[in-house]
Structure formats: C-alpha cells, structure tokens
Amino acid sequence: MKVKKYLSALLMLVMLCALIPLTGCSKDEDGISSPALIIGKWQGVSSSGWEKEDGKVVDKWNDKESFDYDFIEFFYDASGEWWYADSNRKHSFAWCLNEGKDGIEVEIGEGFVGNGTGDTYKIKTLTKDKLVLVSGDDDPDDGWYQEDTYKRID
C-alpha cells in the first residue's frame, strides 16, 4: 500500500515538473500567447520558404505539399508523434522549449533533447488555433528558410 501511494505521489511530482517550463511565460511580441498551447494535435496547412546557393535564390516555394510533417502532436510529458497524411506510421520524438535569441523555440529530436541536441524550430506564432514554426540557417550565401503553418485539430 505504501509503495502504491509513493508511486502515485512520484508520478504527480513528475507531471508537475514537466509543466513548470510551460507555465512560466507570458504573451510576447512574437504572437505566443502561452507556450502551454503547443500541447495538442496539429495539421499542416501551408509551407513556404527559399533556398540560396552562392547568394542567389535557387528554389522558392509557397504551397501545401512541402511539409516536414503533415501532422504533429505534442504531449504533456515532453514526448510527441509526427506522421504524414498518406501513412499510418507514426514517428515518436522528444521535445522541449528553449528561450532562443529571437524568442521561444521548440527543440525536437530522438530520445533526450536539450541544449541543441535536436532540430530547433522558432515558434513564430502560437495561439489556441494556429502554430507557425520557422527553421533555416543564417548563411547569407548558401542558406535556407522554411515557415510551416499548422491548425489545431483536437
């Protein structure tokens, strides 16, 4: 009986610790009303971006078919799943929120993530219905930029 009570208390503590980073932020100028809003299921609705080589744009897109993930779901326990619309196979990932130089970022990767061990996406917009993730590199000659917009579906 004591073991069951101990495990229950430990589980509650772990859940509360997982929520602490999600509740400490307020609305900022980037359109993020609350980082906790990332929890849930999202469907991709548009993707745009460009790629440069030798300082010239060699590829540019603005469509509904260039997604890294058609669907993505973030869970409270800092795990998640992503999958393509034409596949039932789901891929698991870990995630965490970080304060980046340009605002809040979500880091997504396999296993443990943190301190740059996963792929980082800047959260440009996060509301109850809309999530916009931005990725790219800063190289002015051979760089790239991608902006993916999702709508909440849960």
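**Figure 1. Charged groups over tryptophan rings in the predicted model.** The charged end of Lys52 is placed over the ring of Trp50, 5.1 Å from the ring centre. A second case involves Lys90, whose charged end sits over the ring of Trp83, 4.3 Å from its centre. A charge is taken to sit over a ring if NZ of Lys or CZ of Arg is within 6 Å of the ring centre and within 35 degrees of the ring normal. The structure is a predicted model in which local features need pLDDT of at least 70 and side-chain atom pairs count only at pLDDT 80 or more, while totals for chains, interfaces and linings use all residues. Residues are numbered from 1 along each chain as its sequence is written, and side-chain values use heavy atoms, with hydrogens and water left out.

**Figure 2. Aromatic pairs.** The structure holds five aromatic pairs; rings of Phe, Tyr and Trp (its six-membered ring) pair if their centres lie within 6.5 Å, and planes under 30 degrees apart count as stacked, over 60 as edge-to-face and the rest as tilted. For Phe74 and Phe93, the ring centres are 5.7 Å apart and the planes stand at 75 degrees, so this pair is edge-to-face. Because Phe74 belongs to strand S3 and Phe93 to strand S5, the pair ties together parts that are 19 residues apart in sequence; strands are DSSP runs (E, at least two residues), numbered from the N terminus. Both Phe74 and Phe93 are buried, where buried means under 20% relative accessible area, exposed over 50% and partly exposed in between (1.4 Å probe, protein chains only). Trp82 and Tyr84 also make an edge-to-face pair, with ring centres 5.1 Å apart and planes at 80 degrees. Trp82 counts as buried at 15% relative accessibility, whereas Tyr84 is partly exposed at 32%. Phe74, Phe93 and Trp95 form one aromatic cluster.

**Figure 3. The largest nonpolar core.** This core has 18 residues, of which Ile38, Phe74, Trp95, Val106 and Ile123 touch the most other members. At least two core residues come from each of strands S3 (71-74), S5 (91-100), S6 (103-109), S7 and S8. A nonpolar core is a set of buried Ala, Val, Leu, Ile, Met, Phe, Trp, Tyr and Cys residues joined through side-chain atoms within 4.5 Å.

**Figure 4. The largest pocket.** The space in this pocket is about 310 Å³. Among its 14 lining residues, Asp102, Glu105, Lys122, Gly136 and Asp138 are the closest to the centre. Strands S7 (119-126), S8 (130-136) and S9 (144-152) are the elements that give two or more residues to the lining. By class, the lining comprises five nonpolar, three polar and six charged residues, with Ala, Val, Leu, Ile, Met, Phe, Trp, Tyr, Cys and Pro counted as nonpolar, Asp, Glu, Lys and Arg as charged, and the others, Gly among them, as polar. On a 1 Å grid over the protein atoms alone, a pocket is an open set of points where a 1.4 Å probe fits, with protein on both sides within 12 Å along at least five of seven lines; lining residues have an atom within 4 Å of a point. Grid points are joined across faces, edges and corners, and the volume is the space filled by probe spheres set on the points.

**Figure 5. Loop residues with positive phi.** Asp54 is not a glycine but has a positive phi of about 50 degrees. Asp54 lies in the loop between S1 and S2 and is exposed, with a relative accessible area of 68%. Ala78, also not a glycine, has a positive phi of about 65 degrees. Ala78 is located in the loop between S3 and strand S4 (79-83) and is partly exposed at 29%.

Terms used:
Helices (H or I, at least four residues) and strands (E, at least two) are DSSP runs, numbered from the N terminus.
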